2 protein chains.
Amino acid sequence: MKAATYHGPGEIRIEERPEPELEDPKDAIIRVTHTAICGSDLWFYRGEEEHEPGSPVGHEPMGIVEEVGEEVRHVQPGDRVFAPFAISCGECEFCRKGLHTSCVNGGFWGPHGGGGAQAEKLRVPLANGTLVRVPERYADDEETLESLLPLTDVMATGHHAAVSADVGAGDTAVVIGDGAVGLCGVLAAKRLGAERVIAMGHHEDRLDIAQEFGATDVVSARGEEAVEEARALTNGGANHVLECVGAASSLETAAEVVRPGGNVGYVGVPHVESAAFLAPLFYSNASFTGGPAPVRNYAEDLMDDVLQGTLDPSPIFTKTVDLDRVPEGYRAMDEREAVKVMVKLDE
Amino acid sequence: MKAATYHGPGEIRIEERPEPELEDPKDAIIRVTHTAICGSDLWFYRGEEEHEPGSPVGHEPMGIVEEVGEEVRHVQPGDRVFAPFAISCGECEFCRKGLHTSCVNGGFWGPHGGGGAQAEKLRVPLANGTLVRVPERYADDEETLESLLPLTDVMATGHHAAVSADVGAGDTAVVIGDGAVGLCGVLAAKRLGAERVIAMGHHEDRLDIAQEFGATDVVSARGEEAVEEARALTNGGANHVLECVGAASSLETAAEVVRPGGNVGYVGVPHVESAAFLAPLFYSNASFTGGPAPVRNYAEDLMDDVLQGTLDPSPIFTKTVDLDRVPEGYRAMDEREAVKVMVKLDE
């Protein structure tokens with residue numbers, strides 16, 4: 001089968017790899033029909049994070065179940081399914097607590113999953129806990145599937161930022177970052193009832209999507225000016241701040257625009273060396289909560305909204321490629337030509 | 001009057017200074033009877049924090065009201081009072097929210113207070129909001145006063161750590177740091193109902209006080225070994241961690257001993273350059289909450305417990321000096337001869 005693999009900074013290749021096989025009675029094999037390229041993939045693509053050369057890539061799989069191990073009960077061959085970026089058993093202390101990213105039996109794709117999602121097929125460990133089944137009546141509706149695909153990661157991650165920032169009805173929220181996660185954060189804040197959502201970013205086309213997603217204000221300035229603008233719009237800081245980047249500058253912005261006693265939700269894998277954000281955070285007595293989104297915990301609720309037509313994150317996909325063109329997809333995201341790239345495989 | 005003043009690292013002098021006078025109708029003048037030296041004073045004493053040479057020091061005042069401005073209603077001359085390390089109006093958005101350290105009208109002693117608490121007299125701005133009155137029947141009971149004195153800062157700060165770490169009945173809490181704040185954190189966690197309190201520190205005499213204060217376990221190892229020990233004691237991490245130091249190493253320990261989905265409360269002014277604590281915190285999806293303790297918000301509740309005899313933080317005072325011996329008090333704390341030094345002035 002064909003699979004995208006990493007061969008050093010800037011180099012993604014489509015290679016022939018052995019087809020995955022069931023290795024455990026809890027495994028399922030899926031034929032991937034849709035997947036995506038993630039902003040977090042750019043960290044290794046840009047050489048800013050270690051990644052084993054030759055290893056498969058991708059962690060946002062959707063597809064059709066081909067085969068299941070004998071202990072798999074929740075899905076069966078022919079089902080349309082998707083999986084979060086984290087594998088989870090659904091049974092341990094942390095899964096039961098809704099914190100599937102801390103599953104004691106699971107892990108992330110790659111080392112634990114035996115493969116990457118940017119491939120024709122994928123072995124899914126702990127299939128009972130990991131896979132989310134799309135109800136049959138929507139299972140072949142292409143538009144619905146494209147709206148569901150972001151639930152594998154970015155939509156649920158934006159939601160986790162909003163939940164971590166304690167956004168509720170009538171609130172004012174500031175969303176830092178106009179990447180796919182930030183845009184989904186805007187959707188999530190609106191969905192949780194925020195009355196006012198201020199999107200902060202640097203790209204006009206993305207801030208346009210933010211407004212389409214419900215942002216009531218946008219701040220496109222940089223640095224101290226952006227902080228001043230956001231503080232002026234919120235009369236001294238917002239009680240709910242979604243930090244959707246994970247860079248030093250965005251963490252500092254978050255700490256400076258949060259209102260004393262407010263809440264920062266942060267969900268971008270932190271790539272930060274300096275603790276400069278800590279002093280303003282401390283003096284504002286703001287809570288700072290987040291981590292890898294427990295997507296599996298949120299998946300059904302978010303799916304309900306997508307299926308009833310009240311949630312549609314698919315506009316974040318501004319480019320679509322087939323599997324052969326995955327390297328082009330990485331390049332487009334790296335050069336910010338695309339917000340997020342969908343990978344569609346032949347069905 | 002005599003007052004302690006700072007003259008560069010390691011140098012505290014007792015100098016003659018002009019007596020404070022009412023400058024505003026909301027001011028009160030108090031004659032200081034008790035005060036203390038704080039671990040946070042050691043930052044500037046050690047030259048690790050900027051401090052204006054010649055400026056007065058101390059921020060934990062207790063005393064007798066001598067004179068009040070015409071808008072002061074809550075206290076009157078002759079009252080025994082104490083004040084938190086922060087001045088607060090009691091009327092603004094943040095004071096009403098219980099976040100007196102973010103008071104828009106107040107601030108910290110020194111620049112805003114026109115003086116330091118390690119002095120014979122002190123002008124207290126915003127006296128209605130700032131001062132806490134000791135009920136008359138206890139106002140001259142020396143033992144009670146010494147138990148109340150830590151409420152000016154460290155006891156309320158330890159309490160803030162416990163509140164920020166969301167400690168409740170039946171919980172297991174880890175307290176990092178065996179300084180005065182950490183020891184008060186142990187008391188606070190027990191007071192909030194923690195069933196198990198694990199104190200982490202490096203000084204046997206202080207860990208003895210922790211046990212006297214209710215710690216059920218102590219961890220005195222350092223670095224990775226301490227983390228392993230705490231994780232073993234909690235079967236993989238505690239849901240409630242009180243970070244009571246503010247150093248890089250203690251923040252890292254906190255991030256490593258918190259259970260996934262748990263809560264870290266941090267209250268030591270962070271003196272941290274590296275963001276190394278952030279990755280473990282992120283991957284555990286732990287909340288991280290804290291800041292300068294809103295002492296004024298907690299003062300009445302904590303005082304009730306002291307007055308009814310169920311709370312007594314006074315054993316943290318392992319040395320007492322008079323005003324003239326304040327420089328010796330700093331030295332004793334700097335050299336860790338004393339946990340915390342009480343300063344008693346003539347009445």
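Contact is taken here to mean heavy atoms within 4.5 Å. In the predicted model, 35 residues of chain A are in contact with 35 residues of chain B. The area buried between chain A and chain B comes to about 2,800 Å², with carbon and sulfur atoms giving 61% of that area. On the side of chain A, the residues that lose the most area to chain B are Leu278(A), Phe282(A) and Asn285(A), which together account for 25% of what that side buries.

Between chain A and chain B the count is 2 salt bridges, and the side chains of Glu93(B) and Arg259(A) meet in a salt bridge with an N to O distance of 2.7 Å. Across the interface of chain A and chain B, 15 residue pairs are found in polar contact, both residues of each pair being at pLDDT 80 or more. The elements of chain A that give two or more residues to the side touching chain B are α2 (93-96), β14 (258-266), α10 (278-283) and β15 (287-290). By residue class, the side of chain A that touches chain B divides into 18 nonpolar, 13 polar and 4 charged residues.

Strand pairing also links the two chains: β15(A) pairs with strand β15 (residues 287-290) of chain B in the antiparallel sense, over 3 bridges. Within this pairing, Thr289(A) stands opposite Ser287(B) in β15(B).

His160(B) has its place in helix α5 (residues 154-164) of chain B, and it counts as buried because its relative accessible area, 5%, falls under the 20% cut-off. When neighbours within four places in sequence are left aside, His160(B) is in contact with Asn285(A) of the partner chain and, within chain B, with Val267(B), Gly290(B), Gly291(B), Pro292(B), Ala293(B), Pro294(B) and Tyr298(B). The contact with Asn285(A) includes a polar contact between the two side chains at 2.8 Å, and Asn285(A) is also one of the residues of chain A that lose the most area to chain B. His160(B) and Gly265(B), although 105 residues apart in sequence, are 7.7 Å apart in space from C-alpha to C-alpha.

Ser102(B), by comparison, lies in the loop between α2 (93-96) and β7 (107-108) of chain B. With a relative accessibility of 10%, Ser102(B) likewise counts as buried. Its contacts, again leaving aside neighbours within four places in sequence, are with Pro260(A) and Tyr283(A) from chain A and with Phe94(B) from chain B.

Methods
Residues are numbered from 1 along each chain as its sequence is written. Chains are lettered from A and ligands numbered from 1 in the order in which they are written. This is a predicted model: local features need pLDDT of at least 70, side-chain atom pairs count only at pLDDT 80 or more; totals for chains, interfaces and linings use all residues. Side-chain values use heavy atoms; hydrogens and water are left out. Buried area is the accessible area (1.4 Å probe) that two parts lose on being put together, summed over both. A salt bridge is a side-chain nitrogen of Lys or Arg within 4 Å of a carboxyl oxygen of Asp or Glu. A polar contact is a pair of N or O atoms within 3.5 Å; within protein, one must be able to donate a hydrogen and the other to accept it, and residues adjacent in sequence count only if both atoms are side-chain atoms. Helices (H or I, at least four residues) and strands (E, at least two) are DSSP runs, numbered from the N terminus. Ala, Val, Leu, Ile, Met, Phe, Trp, Tyr, Cys and Pro count as nonpolar, Asp, Glu, Lys and Arg as charged, and the others, Gly among them, as polar. Two strands pair if DSSP finds at least two bridges between them. Buried means under 20% relative accessible area, exposed over 50%, partly exposed in between (1.4 Å probe, protein chains only).
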